[in-house]
Structure formats: structure tokens, C-alpha cells
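Please keep the model open as you read.

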Amino acid sequence: MFDGYDSCSEDTSSSSSSEESEEEAAPLPSSLPIIKNNGQVYTYPDGKSGMATCEMCGMVGVRDAFYSKTKRFCSVSCSRSYSSNSKKASILARLQGKPPTKKAKVLQKQPLVAKLAAYAQYQATLQNQAKTKSAVSTEGFNWGNYINSNSFIAAPVTCFKHAPMGTCWGDISENVRVEVPNTDCSLPTKVFWIAGIVKLAGYNALLRYEGFENDSGLDFWYSICGSDIHPVGWCAASGKPLVPPRTIQHKYTNWKAFLVKRLTGAKTLPPDFSQKVSESMQYPFKPCMRVEVVDKRHLCRTRVAVVESVIGGRLRLVYEESEDRTDDFWCHMHSPLIHHIGWSRSIGHRFKRSDITKKQDGHFDTPPHLFAKVKEVDQSGEWFKEGMKLEAIDPLNLSTICVATIRKVLADGFLMIGIDGSEAADGSDWFCYHATSPSIFPVGFCEINMIELTPPRGYTKLPFKWFDYLRETGSIAAPVKLFNKDVPNHGFRVGMKLEAVDLMEPRLICVATVTRIIHRLLRIHFDGWEEEYDQWVDCESPDLYPVGWCQLTGYQLQPPASQSSRESQSGSSKQKKKTKSQQYKGHKKKRKMPVGKKPVSLSSLPMTGGVRRSFSGDEELTPPPYRTLPAQTALEAFPPPRTSQEFSPSLKTVTTLQLKEELIDGEDYSFLQGASDQESNGSANFYIKQEP
């Protein structure tokens, strides 16, 4: 069976690199004057008063509305993009007189000011050019090396029910045996050997060939869902040779007896594992399907969009009126932001009518049953009412939970919510959450869970106290019993690694870490970036994925930011963390709302409170049984090979809070501290308890 093996030869691959040519630009004035416009004084490029200029896109706006304390960028997107390869192209486009970006069209009101801002931007670019050249190469990032070198732990696949194999991962764990290609061999044909799982990181497994025992010299990372990984016994059934690695081929004289002893009673993959992988990667959404999706320029309404492409269940949607098909929006097919055609009319939601009176050829409405269903609620009894106060994750600044107000009650349990102190006069920045959404909270949630609550813009009575605010505004708090308090056993732990969508730029998926767990609420930190970029998301968000998801689906993964990238986006001085006693300087929503280029970032906030549907049909599937190998089975698994032909794979692979609606002066309230930063996976009393 093992005759004919020789010394091992390893394949080597070479990669080619492309060089980018740099264009010379004419020198610009080294300084810019102070400009007076309509009686106001503006200083440039980034004076301490008046207006400011975005160092990425050249947009001019009110300084207080700019992003972060440094006021260098107009948005999170520009801050991150500053260190990317697109910066230079953006600058050259403006200097060459090309049309401005959509952000510039909306916010750029003074042509002269804009031109001067562009000059200032160019100067800033020349000064920071050296810092931006050391951006991290995506191709240079490897999850296995990243996990090993830092002893990280990845979130298990079972935490992601929407991901492939999320509901049928079964008992895949350490010590499970598999058959994989033997790379420590010099035979001209592809041969296999048995390996055991040493460590799991999402879809990836650290494998060690049988026979190496405690020697980790040839350990290697491999995707469990790859096309070349099989259950023990596959080679025997397929006529593929099992050949021990060259490094240890002389270690045993009877490899057959060794394998029988090692594999008897061991676990391996279920026989139909590869079939289930293939089935779990079939998605019901197809190109040319029409859907209703949130308008990224006006949160309060939806628009018709067409599915352009589907990658791993993520949809690239192009708004129907986009002639050049560049006005797009990314989200997952389970996202609460997409709905069937006619949904807006059925619940009373605002909808932008399309200028297209007739469907384009080949476009068709998506069947309603493909969309995630929300939990049915009874609105006939005590229910949410307009004007009630609550706390909500700001969809345009996902690192904050803000004071919010219910502005409109829609049908089927949907609510239109506005952030206090930052709402547009026409309500164009209201956003829609379902009543069961885990992204809205009763009054006092942040305080009891030690989360910093963002007060209304311009509110000066700090620290913020809900009881004072309710009395001052003549408002009442939404009843606690109406909020979703279900906490699933999600399995996440602080410090776990995963791949997460940057919801301020939803086409990007980045290396991320779970840094806080408040029951079902997770705080996601993007590795290599400042905490101001963190996002609060639900544990069942369809925008979180296991380690290795991008590799499995062919999606581009964004690696951790390098030190130089962080320096370029955060400025020369280290930003200090804002404390509760500091005055809130301004809400990001006012800055981001009119930005046409900025996609809305609601997609991480599921509106559904019920059981999420599995489009692969696996929601009620029992995990496949794992076979154990008795002695006789192990013997039958290794007959002499019938052929030495190379295998060609065919498989592609939240009730204790009760605030009185009428507050009486002089009443005292105490707060019970909840489980903050705990691995809280069960129900808990994590709201405020009122004491007489």
C-alpha cells in the first residue's frame, strides 16, 4: 500500500507585483489667506474657528460638524480612505477639474472656498505622503499566522447562524481526523494522508499529520470546508493512495497497524459533509431581482433597487434610477433594511417613487417569502406612542447609544425614531426600527450597564440624568415591557476574533474583535483602528462572519490597519477618550445625513426579534452524526490503492425597569448594576429597578 514513496518535493509559487506610476502636479501656493464671506471669518486649511476642510475629499463644512476631535475629515469613510490608494486619485481628479463627489455637491456651498480648500488639501497631501505609502497589503495577511502569533481565539462557526454551515457545524472540534493532501511527498501524483485538528479558528483548522505526535514542525492551516478535505475512509472508497509524509516515513515499519491503533474510536467528518457545505452556499437571491431598500441619502424612506450580484449571501444592490449602475448599496440578504416590493405602502413607510415607469427587461420582483420575517406583535393593548423616549443605537454613528424619541408608529410593529437634538426639520433623518429590535433600549439601559449614553446635542446639564430630562421635556419613557429582552445563548466571548462588516462603508469586511458583551449586544473593534471606529451590533447580526468566511466565499478581506495608517488618520496627538462629564460637542448625524456617497449603516441592527430564517433550509436540521471508527472499520478503510490517478475535486468548494410617567419632585431612584462585560448568554435583569 505504501510502496513507491520517495523524497518530498515542495511546490513553490511566485507572485508578481505591479508598479504604479506617479504623476507630477504643478506646485501650489504655500499659504492661503483668511477669507471673509457674508460677514463671517474662515481660516484655512484647518483653523480653530469657522470652517474646516476634509483632508480626503476636499469638502468644506462647519468645523464643529466634522468627524472626531481633530476635525481633519468629514466622515469615518474619508478618515479610513485617507490611507488607501484611492486618495491620490481623488486629489488629482479635483485638481484636474473633474466633477466633485456627491458629498461635495451637497455640502459645498461656496465655490471660492471650495477651490481654496482643494489647494489646502493638496498641501496636506504632500506633507503626509510618506505616511500613507506603508498601507497594509491585503495579500500579506494570513489568519493562521495572525491567530498563532498572538494566541488569539476565534468565534466558533456555530455563533453565526446565517453563515454557511452555521446551523449544521455539528461536533467539529479538536482531535477530529480528516484526510488531506500530503504535501510532504515527492510523488508525481496527488496523494493523501490523515491529519488531526489541533486548533479551530472559524472555518480554518490547524492540522497535524498523523505520526508527528507532539512535533508541530509541519503543522498547517486548512479550511474545513475546502474541496480537498475529506472524512477518514474517503481515500479507500475513491481509490486514492494514502502515503505517509517523507519526514516520518521511516518512523514506523507497519503504518497500517499504526493507523488502526490511532483511528479506532476517533471522530471524523460525516460522510455528507461536503454536500452540506455545497447546499449551505446556495442562495435564493439572484441577480435582476427587485427589492425595496433604505435610501442611503434619506434614512426615512425606501427606494427600489435591483440585485446586481450575490457573494456569500451578501447583495450588491443598485438603485433602479442609477443610469451608470454606480449608485449602489451593500447588505446581507437577511438584513432588516431590504423588503419585498410593496412593503413600504403596506406599513405606511415613506417611499421614493421611481422615475422609471416600466420594469426593465429581465428584472422581476423578489418573492416575499425570501425576506427575513419579523416577530408578530400585538399593538391593540399598551403600545409605543409618539413622543415616548428611549435609548437607541445611532445608525450613523454605531459606536454611540443616544437619547431618542419615537416620532411615528407604523403598522406591523415598526417605529420611526429620531435622535434628540440632531433631527432635521423635515424628518428626513428618522430611521425605522422594529419594536422587537435589539438595537432599541428602555430609558436607563446605558447607565445600569455602564455604557456611555450620548445626550442630545446642545444639552448642557451634565452629567445627563434621565429623570431631569423627562421632566424638562414633559415626556414619558416607553414602557419597559415592550422591549425585546430575549438573550440567546450566542456563544460569543470577549476577545474572540471574527470578520465584520464596516457598516459605515458596508462594502468592506474587516478583521475584528469582540471587546464587550452586554447580554445580546456586542461591541466590535476593528483591529488596528482607534476605538472611535467601534460598532455596537446584535449577536445575531448578519454582518458578522466566522474567521475564514471571506476566503470561503471569495470576498475581499480588509486586514488590520498598520501603525502608519493609524497615525495618518488620527493626527499627530493621541486622542483622549471622552468621559461622561465632558460636554457633547455635536452629533455626527448632522454631518453625515446629507452625504450622498456615505451609505447608511443600519445594516448591523436587526429589526427582527424572532427566529431568523435560514435560507439554506437548515434551521431545524439536527447536526449530522459523527462517525466513530471501530477496529474492523479502520481495517477496511485502508485497502491497497486501486489507482494512483490524481483526485480532481468536483465540489466547490432586557421586567424590572418601570419609570413613572408622572415624575414627582424629590423622589429618589437607585440603579442596580447589571452584568457589564460579562459573557451573558441567558436572560437577566439588566434594566433599572425603581425603588420607592
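The report below covers the salt bridges and their surroundings.

This is a predicted model, in which local features need pLDDT of at least 70 and side-chain atom pairs count only at pLDDT 80 or more, while totals for chains, interfaces and linings use all residues. Residues are numbered from 1 along each chain as its sequence is written, and side-chain values use heavy atoms, with hydrogens and water left out.

A salt bridge here is a side-chain nitrogen of Lys or Arg within 4 Å of a carboxyl oxygen of Asp or Glu. The count comes to 28 salt bridges. Three of them are set out here:

| Pair | Closest N to O |
|---|---|
| Lys296 and Asp327 | 3.2 Å |

Let's start with Lys296 and Asp327, which join distant parts of the chain, 31 residues apart. Lys296 lies in the loop between β10 (289-295) and β11 (298-311), and Asp327 in the loop between β12 (314-319) and β13 (328-332). Strands (E, at least two residues) and helices (H or I, at least four) are DSSP runs, numbered from the N terminus. Lys296 is buried at 7% relative accessibility, and Asp327 is buried at 8%; buried means under 20% relative accessible area, exposed over 50% and partly exposed in between, using a 1.4 Å probe and protein chains only. Both residues belong to a salt-bridge network that also includes Arg301 and Glu321.

Next, Lys461 is partly exposed at 45%, as is Glu472 at 42%.

Finally, Asp534 is buried at 4%, and Arg523 is buried at 14%.
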